[in-house]
Amino acid sequence: MFPQETPQCPPISSSTLPQVHNSSSELSTPRSTSPSSTLSRSSTATSISKRMSISGRRISGFNPMAAVDIDAIEAQMKMAALDTLKGYSAEHYGIVKQYRETDYIAERNAGGYQVLREPAWNKGTSFSPDERVSKNLTGLIPHVLESLETQCMRAMRMINSRSTNIDKYLYLSTLKQNNTDLFYRLLIDNVATLMPLVYTPTIGDVCLQYSTLYTHPEALYISIKQRKSIATILRNWPYPEPSICVVTDGSRILGLGDLGVNGVGISIGKLALYTGAAGIHPQKTLPIVLDCGTANEHNLRDPLYLGLRQKRVSPQVALEFMDEFMAAVKEVYPNMLVQFEDFETEKAFQYLERYKMEKCFNDDIQGTGAVVLAGYMGAVSLSGVPIEDQKLVFMGAGSAGVGVAKQVMEFYTRRGLSEQAARDKFYLVDTRGLVTKDRGDKLAEHKKIFARTDNNGHQFTTLEEVIEYVKPTALIGLTATFGVFTESVVRALKASVDASGLGRRPILFPLSNPLTKAECTFEQAITWTEGTVIFASGSPFSPYTTKTGDHITTYYPNQGNNVYVFPGLGLGAILAKASRVTDAMVYTSAASLSGCLNSEEIRMGLIYPKIERVRDASVVVAREVMKCARRDGVSLLPEETWVEWEEWGDVALTAWIKKQVYDPKW
Ligand SMILES: NC(=O)C1=CN([C@@H]2O[C@H](COP(=O)(O)OP(=O)(O)OC[C@H]3O[C@@H](n4cnc5c(N)ncnc54)[C@H](O)[C@@H]3O)[C@@H](O)[C@H]2O)C=CC1
Ligand SMILES: CC(=O)C(=O)O
Ligand SMILES: [Mg+2]
């Protein structure tokens, strides 16, 4: 059998490895074609009923519920020659499609201009002289022949020339619409610079303004008014057999609350990272928003709001809608993994429990749980506080807070603590103070497991009081509330760790997103702990440098964000053909991530790999998740495949994963 958790990627010499199943030459050509011009180029103005029947084609779902220009869409659909899609099929565990004869024919038959307009075909100024002739491109692009690197250089210059992050985002979004490979090459090669633009924090601002910024559809927009058409809408997605969808109902987007259909930006952003951070082919990803109305008065009053103009439906109706959605997914895309994202607390827990035997997971509960556990494992060894003496205070007892506490609790039970002893390490605080059994309010179901009974009837209403009482070694923030880790709170945390006089270090994780919701900043954390803090935040902070006399010290923050987990967890589940995502697979993603640091990162005192290495980490996470799926009996891969890989240890499996992933190069 494979070893259980082997964290580091061994070096690969692919020439010596077995070629398991389909050979890479068939698979690694990412330039599959499946034009999606309905997605890339539709615009505004006509009636909803017309969406249902243009020339017998289905188009509902591509646009938000606002009006669209059907005639323009129809013309564009003709242009896109969607019929050439016939004959395409997903290949090889659903990640990368073969570049088939039909693709060549479709691309050859397309007019030159159409080739340039199709993001999956377009190579910009990198078309070779032969391609320019065979594809009728001569004269349609400047004469110069450029490499992908040169095109990336131009794009980076354009991004740097824009002054606001929203403008940079819009530039990137347009690039994605024009040239898929260029966008992803750019993202992969500049992930530290660009991830904050396509993901948190900028995506938070994008979601707040999504209806104003909207220029083109990029997702499936399924409204509660379309309950009988969910399967049809899913079939309308132009790319065959998506492997992964991220679905939200927009009810709790990052720490920004209920944004309604505008929350679709988070599905789009997360899926860009499935490709950028794990290499799932862009045509295999499907962003979805379920429009159930919104409680957001600002959106409801906004004349440009793209969602349903009605109050959010009741939890019961939302549940029925979710049942219908999950049933439709099973019918239309039975192999697709569903990632639940940014559902408000009760629904997040309810849906995870309800569909746990399906192919799905909840990113906020499980992905966050795993990423924080991974960081915590590293932090504990840096802190100097023995593992048995650790005590954790959580500010925030919602889906992320409880999800993380449960995952860390699992760490302790796996180390031999009884359930009760493990549970006793956690003190959860919400808006009413320390969560206790006798607090006198009706505790939400998800909090009950961590409700304290050792408070002797005393209720602790402020974080300061809790810290004074608990003397924690770690403070985790998942409140979506800026600044709740005040100077007195952080100094009290340091004091409780310092009491030993052994130079121990406090663990402080202000994890709320976006930056405007962070419980404290990195600079504050460094200043208030005299540089001793072990720090991770949900959104990225810059390194912080201090100067004392001639002495300059630079401190490096960590980004404790589920982006280190969900891409690899999803990739592993898909590649293993897992029939569901087990708790052990989630735990394994944490354990394997915690072992991914290289020597430089360890020397820098980091607890996560640098974000530039997120793709390396995703491969390791995916590999360990695959192996765990097999151990749990949920991998549908043939046994012979596993046996062959096992003969080569992790080397063959790692090499195989690397061959499956999308890594655009021309
Ligand atoms: N870093 C990461 O990877 C992740 C970060 N998050 C962030 O965590 C935050 C919370 O997300 P969820 O748990 O899903 O939200 P939630 O709404 O389920 O929970 C929020 C919790 O914070 C508590 N709270 C709010 N204000 C408070 C205050 N002033 N004092 C004490 N408690 C307070 C609430 O009572 C509730 O228990 C969001 O900002 C989200 O962006 C969520 C998932 C992943
Ligand atoms: C990162 C994430 O999933 C959140 O803030 O909700
Ligand atoms: Mg989330």
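Reply: Domain bounds here come from an automatic or database domain assignment. This is a predicted model: local features need pLDDT of at least 70, side-chain atom pairs count only at pLDDT 80 or more, and totals for chains, interfaces and linings use all residues. Residues are numbered from 1 along each chain as its sequence is written, while chains are lettered from A and ligands numbered from 1 in the order in which they are written.

Start with ligand 2. Its shell takes at least three residues from domain 1 (26-358) and at least three from domain 2 (365-561). The residues around ligand 2 are Thr 200, Leu 254, Asp 342, Asp 363, Asp 364, Asn 513, Gly 538, Asn 561 and Asn 562 (C-beta, placed from the backbone, within 6 Å of the ligand). Five of these residues are polar, three are charged and one is nonpolar (nonpolar: Ala, Val, Leu, Ile, Met, Phe, Trp, Tyr, Cys, Pro; charged: Asp, Glu, Lys, Arg; polar: the others, Gly among them).

Ligand 1 has 30 residues around it. The closest are Gly 255, Gly 396, Gly 398, Ala 480 and Gly 538. By class, the shell of ligand 1 splits into 16 polar, 10 nonpolar and four charged residues. Why does ligand 1 lie between domain 1 and domain 2? Both domains give residues to its shell, so ligand 1 lies between them. Helices H19 and H20 and strand E7 each supply at least two residues of that shell (helices, H or I, of at least four residues and strands, E, of at least two are DSSP runs, numbered from the N terminus).

Now the domains themselves. The assignment gives domain 1 (26-358), domain 2 (365-561) and domain 3 (565-660). Domain 1 brings 10 residues to the contact, and domain 2 brings 13 (contact: C-beta atoms, placed from the backbone, within 7 Å). On the side of domain 1 that touches domain 2, helix H18 (345-354) gives the most, four residues. That side holds six nonpolar, four polar and no charged residues.

Seven strands line up as E8-E7-E6-E9-E10-E11-E14, with mixed pairing (two strands pair if DSSP finds at least two bridges between them). The edges are E8 (433-434) and E14 (558-559); each has a single partner strand, so one side of each has no neighbour in the sheet. Helix H19 (363-383) packs on this sheet, touching E9, E10 (507-510), E11 (534-537) and E14. The direction of H19 makes about 165 degrees with that of E11 (axes are lines fitted to C-alpha atoms, for helices over the stretch in contact; angles run from 0 to 180 degrees between N-to-C directions). Helix H20 (399-414) lies across E6, E7 (426-430) and E9, and runs at about 180 degrees to E7. Four bridges join E6 (392-395) and E9 (474-477), in the parallel sense. In that pair, Val 393 faces Leu 475 of E9.

A second open sheet has five strands. Their order is E1-E3-E2-E4-E5, and the pairing is parallel. E1 (220-223) and E5 (360-362) are its edge strands, each pairing on one side only. On average, neighbouring strands here are turned by 25 degrees against each other, direction ignored. E4 (337-340) runs parallel to E5, with three bridges between them. Val 338 stands opposite Cys 360 in E5.

Definitions and conventions. Two residues are in contact if their C-beta atoms, placed from the backbone, lie within 7 Å.
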